[in-house]
Amino acid sequence: MFTVPEAFARGTRAREGAAGEKWLAQLPGIVGELLDRWGCVPDSGVRHGGVGVIVPVRRHGSEPAVLKVSFPHPGNVHEPDAFAAWAGRGAVRLYERDDARFGMLLERAEPTTLATLSDGDEVVRIAGRLGRRLAVAAPPGLPRLRERADAWEAELRRDAVELTHALAPRVVDAAVATVRELGRDQPDTLVHGDLHPGNILRAEREPWLAVDPKGYAGDPAYDGGALLKSRAPALTEAGDLRRAVHRALDVFAEAAEVDPERARRWAQFHAVEAAFWARRHGFRAAREGPDLARLTALADHLATLLTDPR
């Protein structure tokens with residue numbers, strides 16, 4: 001009998017309101033139906049992320065896999081498309097999909113994430129190498145990041161005016177320039193869209209495999225921004241944050257085989273976005289209070305020090 005994890009239920013209710021409550025009531029039935037259809041039996045404890053539950057299972061009597069069911073949201077639509085395009089190349093394999101229920105049967109990886117490694121350079125290097133392997137021709141139908149450029153620019157300009165913030169005009173202007181100069185002219189290359197250490201798992205078939213893609217088509221250097229944003233708290237321990245940040249970008253760019261200047265500019269854009277997002281919505285790790293203030297200040301600092309090339 002599947003039971004919705006309480007922490008997952010609380011987060012879903014807080015984020016989605018009545019729609020989340022309705023979906024949570026349906027979730028045990030969805031899980032049960034997919035288990036039956038795909039010939040799976042639960043194998044161990046249920047895990048969850050921010051928007052989906054992960055049920056470890058055995059299919060065909062013995063083969064390990066996981067059933068993932070996500071809250072229906074536009075940001076989750078193209079996850080199975082990305083897995084299908086990669087066909088196991090640097091990411092977990094997709095065995096079955098039910099797009100109407102946002103359900104997938106996936107290759108099982110270990111719960112250990114890349115974030116557990118103590119060598120910061122190795123974390124970034126592994127992520128970059130995976131990013132390079134995931135950068136294949138994007139299939140038709142995936143959202144193109146270039147189509148978001150107008151909305152990005154409008155949001156940056158609106159937030160700069162409406163929000164009380166500490167970002168200098170030149171910092172916001174640099175992010176807008178990235179949208180104008182890089183954002184509107186991107187290749188039709190499949191990118192993960194949220195490539196951070198928590199979305200890279202230890203595995204048996206390959207040492208590390210990616211999970212939880214957004215499934216975008218765009219510039220492979222774009223993924224460097226999400227990676228750096230996730231690494232920023234750890235990089236503060238290095239003492240010289242500027243040096244540590246540029247070191248991480250250099251290591252990523254070399255491993256991912258992308259232009260380091262493009263990686264820097266996308267990372268600066270991500271940091272400005274994060275600084276404004278924090279003021280409107282908070283972060284998943286901190287919705288309010290001193291922790292939110294600390295992370296917001298870090299996003300401001302990161303955006304500022306990335307504004308100028310070294």
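Biologist: Where does Asp212 lie in this predicted model?

Modeller: Asp212 is found in the loop that runs between strand E9 (208-210) and strand E10 (216-217). Its phi is positive, about 55°, although Asp212 is not a glycine.

Biologist: Why is Asp212 called partly exposed?

Modeller: The relative accessibility of Asp212 is 31%. Buried requires under 20% and exposed requires over 50%, with partly exposed in between. Asp212, at 31%, therefore counts as partly exposed.

Biologist: What makes Glu257 exposed?

Modeller: Glu257 has a relative accessible area of 59%. The term exposed applies over 50%, so Glu257 is exposed. Glu257 sits in the loop between helix H8 (241-256) and helix H9 (260-281). Glu257 also has a positive phi, about 60°, although it is not a glycine.

Biologist: Why is strand E3 described as largely enclosed by the rest of the structure?

Modeller: Strand E3 covers residues 52-59, and seven of its eight residues are buried. Buried means under 20% relative accessible area, so a strand with seven of eight residues in that class is largely enclosed by the rest of the structure.

Biologist: How do you know that E3 and strand E4 pair?

Modeller: Two strands pair if at least two bridges are found between them. E3 and E4 (residues 63-70) have eight bridges, so they pair, in the antiparallel sense. Arg59 stands opposite Glu63 in E4. The hairpin of E3 and E4 has three residues between the strands, and His60 there takes a positive phi near 55°.

Biologist: What makes strand E2 a partner of E3?

Modeller: E2 (residues 47-48) and E3 share two bridges in the antiparallel sense. The requirement is at least two, so E2 and E3 pair. His48 has Val53 in E3 as its bridge partner. E2 and E3 form a hairpin, with three residues between them.

Biologist: How many bridges join strand E1 to E3?

Modeller: E1 (residues 40-42) pairs with E3 over three bridges, again in the antiparallel sense. Cys40 stands opposite Arg59 in E3.

Biologist: How is the packing of helix H1 and helix H2 described?

Modeller: Two packed helices are described by the angle between their axes and the distance between the axes. For H1 (residues 6-16) and H2 (residues 18-37), the angle is about 145° and the axes are 6 Å apart.

Biologist: Which residues of H1 and H2 meet?

Modeller: Phe8, Ala9, Thr12, Arg13 and Glu16 in H1 meet residues of H2, among them Trp23, Leu24 and Leu27.

Definitions and conventions. Residues numbered from 1 in each chain as written. Predicted model: local features only at pLDDT ≥ 70, side-chain atom pairs only at ≥ 80, totals over all residues. Heavy atoms only, no water. Buried < 20%, exposed > 50% of the residue type's maximum accessible area, 1.4 Å probe, protein only. Helix = DSSP H or I, 4+ residues; strand = E, 2+ residues; numbered from the N terminus. Axes fitted to C-alpha atoms, helices over the stretch in contact; angles between N-to-C directions. Contact = heavy atoms within 4.5 Å.
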